[in-house]
Each structure stands twice: as C-alpha cells, then as structure tokens.
Amino acid sequence: MKPVAVVAVAAESALGSDRAAHSVGAVGEVPTTAIVEDEPLRAAGLVKPRVARAKVPLDRAVEPAESLLRRVLESIARALDHELANWRERRVGVCLGTSSGAMGSLTRALSLRAAGEPLSQPL
C-alpha cells in the first residue's frame, strides 16, 4: 500500500468555516451557539422550531448544500495551492460528509438513474 498524506482540510457548519466549523472556543470561554428559531420550521407547525444551519447565500437557483460544497472545495483548492503547488497533476482523494443536505436532489438523481435516464450533472 502506498502512503497517503492529508494536506488540506476544510469544513462548513453552523458555527462557521474551516477551524471555526468545529470549534467551541478556548477552555473557559462561553461556547458559541448557532441554534436559532427558524421561521420555515415554525410555519410547518413544529413546537420547537429551532435549528443550526450553515450560512449560505440566498440564491434560489442553487441548493444550499451545493453552495456549501462549492465553498468548501474552493477552500481546499486554496490550501492545496499553498501547500502543494503541483497537486492538480497528482491523484487526489476527497472525503466528504454531510447530514441531510441536498437529499431532495440526490433522491431525484437516483430515481432518474434507476429509470435509465441520463443525468445532466454527475452525482
């Protein structure tokens, strides 16, 4: 097995970008919270309409999860440009995790694929 190295990491969450995305602050500080009342959840009739969402531009043409993915990929590309100038000529792996972002789009794409329809964009 060939050795691998992690040379760039990026993250987006309701807490912020990159390091802030998974940081609750220094020991002794009051933790940052990103839980807020959510009007769409309140309108849906939830008793406790609270949510923690990553901040995304309000572009109705692009799903929020896609906007976040683009932002993370741009951040990773900048970090790789800084750390490893010729990274675009190398074999690169990406590990991606999400909660329920873009589930509607994924479900539609999988339905199209199962029906043998061509996808306009790769999964």
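The protein chain exposes about 10400 Å², and carbon and sulfur atoms supply 58% of that area. Accessible areas here come from the Shrake-Rupley method with a 1.4 Å probe, and for residues only the protein chains shown count as cover. Keep in mind that this is a predicted model: local features need pLDDT of at least 70, side-chain atom pairs count only at pLDDT 80 or more, and totals for chains, interfaces and linings use all residues. Residues are numbered from 1 along each chain as its sequence is written, and side-chain values use heavy atoms, with hydrogens and water left out.

On to the fold. The protein chain has 3 helices and 4 strands, running β-β-β-α-β-α-α from the N terminus. Helices (H or I, at least four residues) and strands (E, at least two) are DSSP runs, numbered from the N terminus. Of the 123 residues, 14% are buried, meaning under 20% relative accessible area; exposed is over 50%, and partly exposed is in between.

| Residue | Loop between | Relative accessible area |
|---|---|---|
| Asp-18 | β2 (16–17) and β3 (35–37) | 30% |
| Val-92 | α2 (64–83) and α3 (103–114) | 45% |

Asp-18 isn't a glycine, yet has a positive phi of about 50°.

Notes
Buried means under 20% relative accessible area, exposed over 50%, partly exposed in between (1.4 Å probe, protein chains only).
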